[in-house]
Amino acid sequence: MTSASTAPQLSQILKQATGVLAARGEGVLLYDEQDRAYLDFTAGIGVTSTGHCHPRVVEAAQRQVATLIHGQYTTVMHRPLLTLVERLGEVLPAGLDRLFFANSGSEAVEAALRLSRQATGRPNVIVFHGGFHGRTVAAASMTTSGTKFRSGFSPLMAGVHVAPFPDPGHFGWPVEQATDFALAQLDYVLQTISAPADTAAFFVEPVLGEGGYVPANERFFAGLRERADAHGILLVVDEVQTGFGRTGRFWGHQHFLGDSGARPDILITAKGLASGFPLSGIAAPAAVMEKAWPGSQGGTYGANAVACAAALATLDVIADEHLVDNAAERGAQLFEALQTVGDKFDAISDVRGLGLMLGTEFRDAAGKPDAATAVAVQQEAARRGLLLLTCGAWGQVVRFIPALVVTAEQIDEAAGIWSDAVSAVL
């Protein structure tokens, strides 16, 4: 046992991706306690969508703090919540007209799971290999992007079955072949493991997040929608990381379902929703949401008044500053720059993603995932003033997720640092 006089510290299991001690933030920049500026291309893992301390978000939160900090929404209603529900109706896919709010992505995933099972009366869900849905027990049971998220606390939740995601790089196939395989294997799962009559929902990310920044594609999503409709299965799209403009469309799934008029049955949102304040939610049609059992939805801090005020300001900033378009334009600029670097080095096997959600993958001479090089380049970039994160099953991908307010000049600066960092390591 430790001494009673030992000073408390953070858990030693928590590991920081950089050595920066942040003192303040402004836009895409973070400053340490010596006032050194860093280009923050992590955005709090995709959270600070409007940048650090956007003046309109700050003003909205400060104003709300002075009037009502917490109005627990199964006890009383408050205006920021009601207005947020109304405003989200302007950006949600048509028909997703009922909302439930929580605090984190994991909570929202579990709410969507519970709703899926209650609405269909079916026990099973199918997830896709490489997906990340959270760290709480049910969400971790649905996560297959790495064993670190699901090991050491078994047994996990039953009723989760896994089908392949169409990841061309993993299989070493063209995207069409990977998609054919993924859909065929999904049919095989439905035939051999989880009968359609036992399957409540498909849970899928439009772009694998922790799984390596691998985008899905239109034919894969069309295949999911077709099978869901044929068997009465709900299509649940996890937009925790891809939502709120991150991919150059307001919702990531709009790259794949938007033009067809099809939509998810349940949409999950969090991260960029409130520019750094804890807020998450699920949206579903009234006909689905009404099947939730009484008492199955609730929570102490969900739809906190200050978080809702920040979310309203976030929606205003995204619209007024055309940040979805900026994500598409700056994402194309960043992709081209990353591809230019990638073309120079055999160790970079792929550059991929959508909008401002891009990844660079490292593999060794034998074609194996190379986490050591990815981390070395990520650390070198941090020393040079560019903050990045890794992802992928082996940690072999370095991901770029700047705030949606990033400028062309900041993209150029980051690309220059990245090029120098890669050259220094390789």
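This is a predicted model: local features need pLDDT of at least 70, side-chain atom pairs count only at pLDDT 80 or more; totals for chains, interfaces and linings use all residues.
Phe171 is partly exposed, at 24% relative accessible area.

Show both rings. They belong to a set of 15 aromatic pairs. The ring centres of Phe171 and Phe181 are 5.2 Å apart, and the planes stand at 65°. Planes over 60 degrees apart count as edge-to-face, so this pair is edge-to-face. Colour the helices next. Phe171 sits in H6 (residues 168–171) and Phe181 in H7 (residues 175–192). The pair therefore ties together parts 10 residues apart in sequence.

Move to Phe244 and Phe250. These rings also pair, with 4.9 Å from centre to centre and 55° between the planes. The pair is tilted. Check the exposure of each. Phe244 is buried, with a relative accessible area of 1%. Phe250 counts as buried too, at 12%.

Then select Phe128, Phe165, Phe202, Phe220, Phe221 and Phe256 together. Ring pairs link these residues into a cluster. Keep Phe220 highlighted, as it returns at the next stop.

Now show the side chains in the contact. On H7, pick Glu176, Thr179, Asp180, Ala182, Leu183, Leu186, Asp187 and Leu190. On H8, pick Arg219, Phe220, Gly223, Leu224, Arg227 and His231. Colour this contact by class: six residues are nonpolar, three polar and five charged.

Finish at H2 (residues 55–65) and H10 (residues 305–320). Their axes come within 8 Å and cross at roughly 155°. Angles over 145 degrees count as roughly antiparallel, so H2 is roughly antiparallel to H10. The crossing of H2 and H10 is right-handed. Which residues of H2 make the contact? Select Arg56, Val57, Ala60, Ala61, Gln64 and Val65. The contact of H2 with H10 has 10 nonpolar, two polar and three charged residues.

Conventions: Residues are numbered from 1 along each chain as its sequence is written. Side-chain values use heavy atoms; hydrogens and water are left out. Axes are lines fitted to C-alpha atoms, for helices over the stretch in contact, and angles run from 0 to 180 degrees between N-to-C directions. Helices (H or I, at least four residues) and strands (E, at least two) are DSSP runs, numbered from the N terminus. Angles under 35 degrees count as roughly parallel, over 145 as roughly antiparallel, 65 to 115 as roughly perpendicular and the rest as oblique. A crossing is left-handed if the near helix is turned anticlockwise from the far one by less than a right angle, and right-handed if clockwise. Contact means heavy atoms within 4.5 Å. Ala, Val, Leu, Ile, Met, Phe, Trp, Tyr, Cys and Pro count as nonpolar, Asp, Glu, Lys and Arg as charged, and the others, Gly among them, as polar. Rings of Phe, Tyr and Trp (its six-membered ring) pair if their centres lie within 6.5 Å; planes under 30 degrees apart count as stacked, over 60 as edge-to-face and the rest as tilted. Buried means under 20% relative accessible area, exposed over 50%, partly exposed in between (1.4 Å probe, protein chains only).
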